Every structure is written in structure tokens, then in C-alpha cells.
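Visitor: I have a structure here that I have not seen before. Can you walk me through it?

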Amino acid sequence: MSGVGVSGLSSSPVPVRPPFSLPTRVYWEDTDAGGVVYHARYVAFLERARTEWMRTLGYGQEALRTSHNLVFAVRAMRMDFRGPARLDDVLQVTVVLRECRRASLVVDQLVEREGKCLLDAQVRLAALDAEGFRPRAVPEALHAELVPHQILKSGADA
């Protein structure tokens with residue numbers, strides 16, 4: 001086996017799309033009294049990056065809700081804080097689609113400053129109908145758009 005995929009697992013060499021990245025500046029409102037980003041603000045940074053990633057695919061949040069009766073809700077989130085971000089830092093918040101299922105998505109996200117990882121997260125999103133917030137399938141057109149963006153798995157993982 002040769003090559004290393006985005007997941008860090010060895011696999012045969014496969015093309016991997018670069019992650020979507022959103023530049024974000026740290027403002028006073030994001031910090032505590034010491035000028036360090038308050039831990040809950042990272043959730044907002046991650047959400048904005050996921051929202052903008054979907055928008056680049058042609059699926060803005062409002063259009064999903066009104067035209068497709070679909071919202072994505074966070075079902076589970078794991079975050080690992082590795083270093084502090086501070087007032088005026090410019091951060092890159094990335095999104096990589098790990099898994100696209102019929103009624104859920106799993107995305108890997110990083111918050112980096114100058115190439116140094118400050119936080120990594122994995123977020124499971126549930127597809128819900130916008131009116132009743134009941135689970136539903138991702139519309140076929142969106143599902144077909146998302147599948148090619150998911151991380152390619154090695155033969156053992158497929």
C-alpha cells in the first residue's frame with residue numbers, strides 16, 4: 001500500500017479534492033477578557049464554514065429550506081482543542097466531506113492559523129424536513145452533487 005489519504009490511513013494513491021477553506025478573523029466579540037477565543041465561538045466558526053461550503057455547491061441554507069424543505073441539524077460533534085486562537089488572528093476553517101449517506105452527512109473540520117491546527121472537529125449532520133424537523137432523505141440532486149466530494153476510501157474501508 002502506498003500513499004496517504006486525507007484521513008491519514010494508508011491507501012492506494014487517489015486524487016483528493018482540496019478542502020473547502022473559509023478565512024475568518026477573530027474579533028473582540030469572539031474572545032474572553034484575556035483576548036483568547038472563547039471555546040463556544042469555535043462552533044460558530046465551524047457552522048459558517050459548512051454554510052459557505054454548501055453555498056459554493058449551489059445550495060444556500062435558505063434555498064434548501066424554502067425550495068427543498070430541507071435543513072441540516074447537528075446530530076453530534078466531536079472537537080479537540082489543540083491551541084488557542086487570539087484577538088486579530090486570521091484563521092482558516094476547512095470542511096471535508098467524510099461521508100454522505102441518504103439522510104446524514106459527516107464532515108471533518110479544522111481551524112488553523114498559519115498552517116498550525118488549533119482545533120479539529122468531526123460533525124454529523126442529520127437531514128430534516130424544514131417544516132416538522134423529522135428525518136428525511138437528502139434530495140437526489142443534492143446527494144448526487146455531494147457524493148463525489150466525500151473522501152475516497154481504501155478498498156478495505158469501502
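Guide: What follows covers the core and then the strands. This is a predicted model, in which local features need pLDDT of at least 70, side-chain atom pairs count only at pLDDT 80 or more, and totals for chains, interfaces and linings use all residues. Residues are numbered from 1 along each chain as its sequence is written, and side-chain values use heavy atoms, with hydrogens and water left out.

Visitor: How many residues has the largest nonpolar core?

Guide: The largest nonpolar core has 33 residues. Such a core is a set of buried Ala, Val, Leu, Ile, Met, Phe, Trp, Tyr and Cys residues joined through side-chain atoms within 4.5 Å; buried means under 20% relative accessible area with a 1.4 Å probe, protein chains only. Among those with the most contacts inside the core are W53 and L146.

Visitor: What does L146 touch?

Guide: Leaving out residues up to four places away in sequence, L146 touches W53, M54, L57, L97, C100 and L105. Contact means heavy atoms within 4.5 Å.

Visitor: New topic. Is strand 4 mostly covered or uncovered?

Guide: Mostly covered: seven of the ten residues in strand 4 are buried. Strands here are DSSP E runs of at least two residues, numbered from the N terminus.

Visitor: Which strands pair with it?

Guide: Strand 3 pairs with strand 4 in the antiparallel sense over eight bridges, and ten bridges join strand 4 to strand 5, also antiparallel. Pairing requires at least two DSSP bridges between two strands.

Visitor: What stands opposite L105?

Guide: L125 in strand 5.

Terms used. Buried < 20%, exposed > 50% of the residue type's maximum accessible area, 1.4 Å probe, protein only. Helix = DSSP H or I, 4+ residues; strand = E, 2+ residues; numbered from the N terminus.
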